Amino acid sequence: MERILAVYDVEPQYAARFAEVTNQKDTIPFTVMAFTSFEKLKDYVVEHQVEVLLVSSQVAKEAVELLPVEKIMILNEGETVTIKDEHPGIYKYQSSDAILREVMAHYGADSVKDTNFKPMGKTQVMGVYSPVSRCLKTSFALTLGQLLAAERKVLYVNLESFSGFGALMGETYSGDLSDVLYFYKQGNGSMIRLKSVVYHLGQMDYIPPVQYPEDLNQVDAAEMAAVLSQMAESGDYDVLVLDMGNYGRQVEKLLELCDVIYMPVKEDGISVSKIQEFEEYLEVSGRRAIQEKIAKLKLPFHSCFGKKENYVEQLLWGELGDYVRQLIRGGTVPWGS
């Protein structure tokens, strides 16, 4: 059933712009409808089910309370967000993405029973892993995810203890992978919950990595694989790109989840020895199936690094971006069915 998110603000253009922008996003679980008058809104909610209403704080409380809407959230104009009685308050003059994350955080808190992950189709899981350090693993994963997102719905998940994402993206995150892991440990994992911590890099969605490495230490590889498997089984994304950190010899639990594993390699003696030792471990531990999914990549060296503020954009238009485009065009990156 279609979920309706209605928006009414005393500034008619605000509601119309918000609806136009958000309805272009194909990863939100709502159809957004803008209303230019409170009377039209009242007439609509009488005949149609509205799950969420974003309404201006300037509308009288008594009028809002009479509306038969499941969840009401108040659009506040002040930067200090207040709560109008029991209704959550959301600061209206922020990005539409930020507003949607708050909406889904509040909505998910009351809707977990109806929105648990349901198997709808297998998402393709692409792992990026290497026992070799400083091999452009994360740079490759970010480039791959962004280029695939031009045609497919992609979610990027970074499993490193220290990712540097906050500084790299210039973001201060209100939620991250730690929140997702907490939801699942409490049995409250849902797509609505997940969307409340999803950010966007171009057309690619991503979950900010953990802020504190202790949060990863409390989740072993088998538990992490179970969480990621539920994400994949939801069918909400076409591709799940896993940028894997160092789980030691437990990493095979995550590798088994992948349909393909891209392994950046280097040719110096130490790197070659690490790869050889890893492959011997897979062989003696009876995990040859993992080895068959691995595609080794010799990534091109960046000739222009520039400032970190522009690093992600440079990935797409530098040597690495050209390399990944060639992988995609040449069919080395599996596109699935």
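These notebook entries record what I looked up in a predicted model of one protein chain.

**Entry 1. Ground rules and confidence**

I number residues from 1 along each chain as its sequence is written. In this predicted model, local features need pLDDT of at least 70 and side-chain atom pairs count only at pLDDT 80 or more, while totals for chains, interfaces and linings use all residues; side-chain values use heavy atoms, with hydrogens and water left out.

I looked up pLDDT, the predictor's confidence in each residue on a scale from 0 to 100. The mean for the protein chain is 83, and 86% of its residues reach 70 or more. Over residues 111–120 pLDDT stays under 50. For that stretch the model has 22 contacts (heavy atoms within 4.5 Å) beyond four places in sequence.

**Entry 2. Helix H10**

I took helices (H or I, at least four residues) and strands (E, at least two) as DSSP runs, numbered from the N terminus. H10 covers residues 221–233, which makes 13 residues. From first C-alpha to last, H10 reaches 18 Å, close to the 18 Å expected at 1.5 Å a residue; the expected span is 1.5 Å times one less than the number of residues.

Which residues of H10 are buried? I found Ala221, Met224, Ala225, Val227, Leu228, Met231 and Ala232. Buried here means under 20% relative accessible area, exposed means over 50%, and partly exposed lies in between (1.4 Å probe, protein chains only). Seen down the axis of H10, the buried residues fall within an arc of 160°, so they line one face of the helix. The arc is taken from the directions from the helix axis to the C-beta atoms.

I then examined the two ends of H10. At its start, a side-chain oxygen of Asp220 comes to within 3.2 Å of the backbone nitrogen of Ala222. Just after H10, Gly235 has a positive phi of about 75°.

**Entry 3. Salt bridges**

I searched the whole structure and noted 13 salt bridges, each being a side-chain nitrogen of Lys or Arg within 4 Å of a carboxyl oxygen of Asp or Glu.

Arg3 and Glu51 form one of them, at 3.8 Å from N to O. Arg3 lies in the segment before strand E1 (4–8) and Glu51 in the loop between helix H2 (38–47) and strand E3 (52–56), so the pair ties together parts 48 residues apart in sequence. Arg3 is partly exposed at 21% relative accessibility, whereas Glu51 is buried at 7%.

Lys298 and Glu267 meet in another, at 2.6 Å from N to O. Both Lys298 and Glu267 are exposed.

**Entry 4. Asp322**

Where does Asp322 lie? I located Asp322 in helix H15 (residues 319–329). Its side chain meets that of Arg325 in a salt bridge of 3.5 Å, N to O. Asp322 and Arg325 are three residues apart in H15, so about one helical turn separates them. Asp322 is partly exposed, at 45% relative accessible area, while Arg325 counts as buried at 18%. I also noted that the C-alpha atoms of Asp322 and Thr143, 179 residues apart along the chain, are separated by 9.8 Å.

**Entry 5. His87**

I found His87 in the loop between strand E4 (71–76) and strand E5 (89–91). Is His87 buried or exposed? At 9% relative accessibility, His87 counts as buried. Leaving aside neighbours within four places in sequence, His87 is in contact with Glu65, Ile72 and Ile74. With the side chain of Glu65, the His87 side chain makes a polar contact of 3.0 Å. A polar contact is a pair of N or O atoms within 3.5 Å; within protein, one must be able to donate a hydrogen and the other to accept it, and residues adjacent in sequence count only if both atoms are side-chain atoms.
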